[in-house]
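These are my notebook entries on a structure that I am consulting for the first time. I record below what I looked up.

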Amino acid sequence: MNHLSFYWLPENKELLLQGIESEFSQLVEQSISTGKISLPPIPNAVLKIQRLCSLESTGVSDIAECLLEDPA
């Protein structure tokens, strides 16, 4: 959630955000385990990009090439 602006939150905003994120993740986990929702599989392109991002030598062009190769 770092990309969102939370300038309006009180001084303890980190603690508040952790609570919100924790509660949300618990709700998602509970919904999945009880069969209320199911998540789609992670696309191969996403997995490949994650692998590429873990390599020090990966550049923007490598990521762009991976995205261009993905038909979706």
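How many disulfides does the structure hold? I found 0 disulfides, a disulfide being a pair of cysteine sulfur atoms within 2.5 Å.

I note that this is a predicted model, in which local features need pLDDT of at least 70 and side-chain atom pairs count only at pLDDT 80 or more, while totals for chains, interfaces and linings use all residues. Residues are numbered from 1 along each chain as its sequence is written, and side-chain values use heavy atoms, without hydrogens and water.

**Cysteines.** I looked up Cys-53 and found that the closest cysteine sulfur, in Cys-66, is 9.1 Å from its own, too far for a bond. I then checked accessibility, where buried means under 20% relative accessible area, exposed over 50% and partly exposed in between (1.4 Å probe, protein chains only). Cys-53 is exposed at 53%, whereas Cys-66 is buried at 4%.

**Val-46.** I placed Val-46 in helix H2, residues 44–53; helices are DSSP runs (H or I) of at least four residues, numbered from the N terminus. Val-46 is partly exposed, at 37% relative accessible area.

**Ile-32.** I located Ile-32 in helix H1, residues 13–33, and it is partly exposed at 36%.

Terms used. Helices (H or I, at least four residues) and strands (E, at least two) are DSSP runs, numbered from the N terminus.
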